[in-house]
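User: Hello! Could you help me learn to read a structure, one feature at a time?

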Amino acid sequence: MTYRNMKNFDIKERAEKAKAYFQDGYNCSQSVFMAYADLFDLDVELASKFASSFGGGMGRLREVCGACTGMFMVASMAIPADNKNAEAKKANYALVQQVAEDFRQENGSIICRELLGLTCQKEEPTPSPRTGEYYKKRPCGELVYLAAEIVGKRLMEL
């Protein structure tokens, strides 16, 4: 699979698109990954399916933030980790570590429950209804925006 020139896009536009996807009901991981899908000639709906399990910190387990997993999926497309090429795998892992650290520096954590101030280890699998109140009390839309910005800046450096 080939990808388009990654230096020919507007980072703020991608971040806005990611936030809009989140506000349309997509989970945090889907939102970030979908915002960059076209760079990799990936259908947006297929990208949505690939990332669907990673919302809520991995299926509402409240582990790694879905916005981060969305960044990691973009990294996998930008620098695929080939099992037969140790340098490619190293480059992929380096990009993942960079975007994770950028996110951690901005937010103090990459763990969903910590970002949301939750004490539970996991939650019941039923997603929370997306209401105006949901969006007011959750920082997820802003975290999605930030994650899309972070990964975009790193793509520009490749």
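User: Does Tyr-135 count as buried, partly exposed or exposed, and why?

Analyst: Tyr-135 counts as partly exposed because its relative accessibility is 26%. Buried means under 20% relative accessible area, exposed over 50%, and partly exposed in between (1.4 Å probe, protein chains only). A word on the source: this is a predicted model, where local features need pLDDT of at least 70 and side-chain atom pairs count only at pLDDT 80 or more, while totals for chains, interfaces and linings use all residues. Residues are numbered from 1 along each chain as its sequence is written, and side-chain values use heavy atoms, leaving out hydrogens and water.

User: How many aromatic pairs does the whole structure have?

Analyst: A pair of aromatic rings is described by the distance of the centres and the angle of the planes. Rings of Phe, Tyr and Trp (its six-membered ring) pair if their centres lie within 6.5 Å; planes under 30 degrees apart are stacked, over 60 edge-to-face, the rest tilted. Here the search finds 5 aromatic pairs. In one of them, Phe-9 and Tyr-36 have ring centres 5.7 Å apart and planes at 85°, so the pair is edge-to-face. Phe-9 is buried at 10% relative accessible area, and Tyr-36 is buried at 0%.

User: Which arrangement do the rings of Phe-22 and Tyr-135 have, and why?

Analyst: That pair is edge-to-face, because the planes are at 85°, with centres 5.8 Å apart. Phe-22 counts as buried, at 3% relative accessibility. Ring pairs also link Phe-22, Tyr-134 and Tyr-135 into a cluster.
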